[in-house]
Amino acid sequence: MADLDELLLLQEEVFAVLERPDLLRRNTVEMLAGCLAEPHHSLGAFAGGRLAGVGILYDPLGVPEEDLSHLAADAARGMRCGNFKLCMVRPDSRGHGLQQLLGLRLEEEARRKGMEALCATVAPMNGASRHSLERLGYRQAAVVEKYGFERLVFVKRLVVDLV
């Protein structure tokens, strides 16, 4: 919680350079503050004493309206899923693989929490985020309307099926 103001500043810096505001959903202070508390997990990367990037693992257990797995059709059916809710990197810190590193570290935490898959949504025209998820092994499972815009739903299975 001590870094909430830094997180809000980071969000504003990211939105300031977006070509289109519908590429990312602006989270409220309340939502971001909630993400900094259990059962969720947030990771921050700092450079020069400033928040350079953040990744948020959202645990929707007990909050069905926030669970993205039902949007992913068969790709996540019956699995304990978490949401790779948000990843933002300060514009001057991009290009160093920080988004990938945060995503990998959140996957480790998701496995530790017993999650079997992670889901994420991305605006169709947000190529950078879409490619980042694909490099992490996420696969597109659906196209839905969410947050008032069209969104691609991505899923990554964290467990391997033994046949």
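How many residues does helix α1 have, and how far does it reach from its first C-alpha to its last? Helix α1 covers residues 4-16, so 13 residues, and spans 18 Å, close to the 18 Å expected at 1.5 Å a residue (the expected span being 1.5 Å times one less than the number of residues). Helices (H or I, at least four residues) and strands (E, at least two) are DSSP runs, numbered from the N terminus.

A quick word on provenance: this is a predicted model, where local features need pLDDT of at least 70, side-chain atom pairs count only at pLDDT 80 or more, and totals for chains, interfaces and linings use all residues. Residues are numbered from 1 along each chain as its sequence is written, and side-chain values use heavy atoms, with hydrogens and water left out.

Back to α1. Its buried residues are Leu4, Leu7, Leu8, Leu10, Gln11, Val14 and Phe15.

Now for the packing. The largest nonpolar core has 20 residues, and Phe84, Leu118, Leu133 and Tyr138 have the most contacts inside it. Such a core is a set of buried Ala, Val, Leu, Ile, Met, Phe, Trp, Tyr and Cys residues joined through side-chain atoms within 4.5 Å. Two or more residues come from each of β2, β3, α3 (98-112), β4 (117-122) and β6, and α3 gives the most, with four. Phe84 touches, among others, Ile56, Gly103, Leu106, Cys119 and Ala120, leaving out residues up to four places away in sequence. There's also a second, separate core of 17 residues, which includes Leu4, Leu8, Leu24 and Tyr58.

What about disulfides? A search of the whole structure finds zero, the criterion being a pair of cysteine sulfur atoms within 2.5 Å. Two cysteines show why:

| Cysteine | Closest cysteine sulfur | Sulfur distance | Relative accessible area |
|---|---|---|---|
| Cys87 | Cys35 | 13 Å | 15% |
| Cys119 | Cys81 | 4.4 Å | 0% |

Both separations are too far for a bond. Cys87 is buried, and Cys119 counts as buried too.

On to the strands. β5 (residues 139-146) and β6 (residues 149-157) pair in the antiparallel sense over seven bridges; pairing takes at least two DSSP bridges between two strands. Gln140 has Phe154 in β6 as its bridge partner. The two strands form a hairpin with two residues between them, and Tyr147 in the turn has a positive phi of about 60°.

Two loop residues are worth a look. Ala75 lies in the loop between β2 and β3 and is partly exposed, at 28% relative accessibility. Beyond its neighbours within four places in sequence, Ala75 is in contact with Ala141, Val155 and Arg157. Its C-alpha is separated by 16 Å from that of Val122, 47 residues apart along the chain. Pro39, meanwhile, is in the loop between α2 (29-35) and β1 (41-47), and a cis peptide bond with omega of about 10° joins Glu38 to Pro39.

Notes: Buried < 20%, exposed > 50% of the residue type's maximum accessible area, 1.4 Å probe, protein only. Contact = heavy atoms within 4.5 Å.
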